[in-house]
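Biologist: I am new to this structure. Please show me how to read it, feature by feature.

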Amino acid sequence: MKSDFRKKVIELRKNKSYDFIIKNSNKITTTLLSLEEFKKASTIMLYLDFNNEVKTDYLVNTLINLGKKVLVPITIKENKTLIPSEIKNLDSEIKIGTYGIREPKKKFIRENNIESIDILIVPAVAFDINKYRLGYGGGFYDRFIEKLRSDTLTIGLAFEFQIFDSIPKESHDAQLNYVITEKRIIK
């Protein structure tokens, strides 16, 4: 059930044009940057996009320029965990890592404590209107979210076509604080 649903939505996303992805990613980024909580946060962890996810490079560079501490995940396949690592330069510090996802090169790994994260921005295949996410099936983010401080804000980024009334979910699936699309903020 979950895997069929996941495949269907990934296929929808794969068929979107580059222009659609860029234009709507920019709208989502603008909305995100305008949030009061976002302006106040000092440490923000976010994903580096791949495969037509909401683009995050502009966001990363903007946050670095604003003097925020920007963390990106390093994926540890063996125990299905994410390690937050600070990034200071997107152009020179990144390589293709686990699952084809971009992550810091070895010499630029600056591991940070999960407790330091004010806002966590997560990718997903789909979300429902109650802010539950359907990820890629590894459970990496669900496990990571469980370890966050209780006041850490969790935000999902998605295109409007990735939002459903309900999605297949299980008891361990994490509920987020916000989901932001090009059309709305789901609180």
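Predicted model: local features only at pLDDT ≥ 70, side-chain atom pairs only at ≥ 80, totals over all residues.

Biologist: Where does threonine 181 lie?

Modeller: Strands (E, at least two residues) and helices (H or I, at least four) are DSSP runs, numbered from the N terminus. Threonine 181 sits in the loop between β11 (178-180) and β12 (185-186).

Biologist: Is threonine 181 buried or exposed?

Modeller: Buried means under 20% relative accessible area, exposed over 50%, partly exposed in between (1.4 Å probe, protein chains only). Threonine 181 has a relative accessible area of 1%, so it is buried.

Biologist: Which residues is threonine 181 in contact with, leaving aside its neighbours within four places in sequence?

Modeller: Contact means heavy atoms within 4.5 Å. For threonine 181 the partners are Ile28, Ala158, Phe159, Glu160 and Ile163.

Biologist: How do I read a phi angle?

Modeller: Most residues other than glycine have a negative phi. Lysine 80 is not a glycine, yet its phi is positive, about 50°. Lysine 131 also has a positive phi, near 75°.

Biologist: Where do lysine 80 and lysine 131 lie?

Modeller: Lysine 80 is in the loop between β2 (69-76) and β3 (81-86). Lysine 131 is in the loop between β7 (126-128) and β8 (133-134). Lysine 80 is partly exposed, at 34% relative accessible area. Lysine 131 counts as buried, at 11%.

Biologist: What about the whole protein?

Modeller: The protein has five helices and twelve strands. Its C-alpha trace spans about 40 × 35 × 30 Å along the principal axes. Of its 187 residues, 53% count as buried.

Biologist: What radius of gyration does the protein have?

Modeller: The radius of gyration is taken over C-alpha atoms, and the globule rule is 2.2 Å times the number of residues to the power 0.38. A compact globule with 187 residues would have a value near 16 Å; the protein has 15 Å, which agrees.

Methods. Residues numbered from 1 in each chain as written. Heavy atoms only, no water.
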